[in-house]
Amino acid sequence: MFLILSLAIFGCNDPPQVTETPSADTPVVQYWELVGRVTPSLSTWPSPPPFEGGKRMVSRCKDRRPCAAERWRAEDGSQMDTLLLERTLFFEDEREPWPARWMSITGVLRSCLGDPLTIPPTDDPQAVRTLETIGDKATWALHLSGNNSCGLVGQVRLNAKKDHIDLGALKCEAQRWHEGGKKCALKKKRDALSPQKVAK
């Protein structure tokens, strides 16, 4: 009886629970996956299947490289076709192009990643590139399994519209990139090289 009375007395002083609902103006995060890809030559790596219209898009590249037509699909079913032509990403719906160059990827990171928009990223057959958009912001996320010559695991996040990279979720042998991971990756990269290359 005392317990019930105590709960009744003290429970009535609890503030009401307020559940916030997003307003119509709140930007929604969209997660996109690559569902189709066409390049001028066949890739030796596993990649998404070709899609209708991709060959026509690639023909615009002529001899310029890199060149890749990609089809992206969001969770809500939205679809987006892009053409990577040299260092610019063009959209079939004629929205503003995005740059496809990150000058801040240098040194060991550049050696490990190569071109971050290739399929797969790095020489990691299990690596995946996804896209996140929220409002007018967009981020490429490179998901690395660790099965690559630098032993990188986790994520590299690239601002899709400007030269900014986030390495906070990137590791090598459980060491964060800026806390020993970079040195770890360099050692693994050197170990992966053939004796002939090391001698040079």
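**Disulfides and a surface patch**

Cys184 counts as buried, at 11% relative accessibility. The cut-off for buried is under 20%. The model is predicted. Cys184 is joined to Cys172 by a disulfide, with an S to S distance of 2.0 Å. The torsion about this S-S bond is -55 degrees, and the link is left-handed. The pair connects distant parts of the chain, 12 residues apart. Cys172 belongs to strand β10, residues 170-172. Cys184 belongs to helix α4, residues 181-192. Cys172 has 0% relative accessibility and therefore also counts as buried.

A disulfide is a covalent bond between the sulfur atoms of two cysteines. In this model the count comes to 3 disulfides. Counted along the chain, the bonded cysteines pair in the pattern 1-2, 3-4, 5-6.

Cys61 and Cys67 form another of these disulfides. Their sulfur atoms lie 2.1 Å apart. The torsion about the S-S bond is about 80 degrees, so this disulfide is right-handed. Cys61 and Cys67 are both buried.

Cys112 and Cys150 are also joined by a disulfide, with 2.1 Å from S to S. Here the torsion about the S-S bond is about -90 degrees, so the disulfide is left-handed. Cys112 sits in helix α3, which spans residues 107-113. Cys150 sits in the loop between β7 (137-145) and β8 (152-159). Cys112 has 5% relative accessibility, so Cys112 counts as buried. Cys150, at 0%, counts as buried too.

The surface was examined for nonpolar patches. One nonpolar surface patch covers about 240 Å². Val29, Tyr31 and Ile134 make up this patch. Val29 lies in strand β1, which runs over residues 29-38. The relative accessible area of Val29 is 35%, so this residue is partly exposed. The partly exposed class falls between the 20% limit for buried and the 50% limit for exposed.

The link of Cys61 and Cys67 is right-handed. The link of Cys112 and Cys150 is left-handed, and so is the link of Cys172 and Cys184.

Key. Residues are numbered from 1 along each chain as its sequence is written. This is a predicted model: local features need pLDDT of at least 70, side-chain atom pairs count only at pLDDT 80 or more; totals for chains, interfaces and linings use all residues. Side-chain values use heavy atoms; hydrogens and water are left out. A disulfide is a pair of cysteine sulfur atoms within 2.5 Å. Buried means under 20% relative accessible area, exposed over 50%, partly exposed in between (1.4 Å probe, protein chains only). Helices (H or I, at least four residues) and strands (E, at least two) are DSSP runs, numbered from the N terminus. Patches are made of residues with over 30% relative accessible area and no salt bridge: like charges are joined within 9 Å, nonpolar side chains (Val, Leu, Ile, Met, Phe, Trp, Tyr) within 5 Å. Accessible areas come from the Shrake-Rupley method with a 1.4 Å probe; for residues, only the protein chains shown count as cover. A salt bridge is a side-chain nitrogen of Lys or Arg within 4 Å of a carboxyl oxygen of Asp or Glu.
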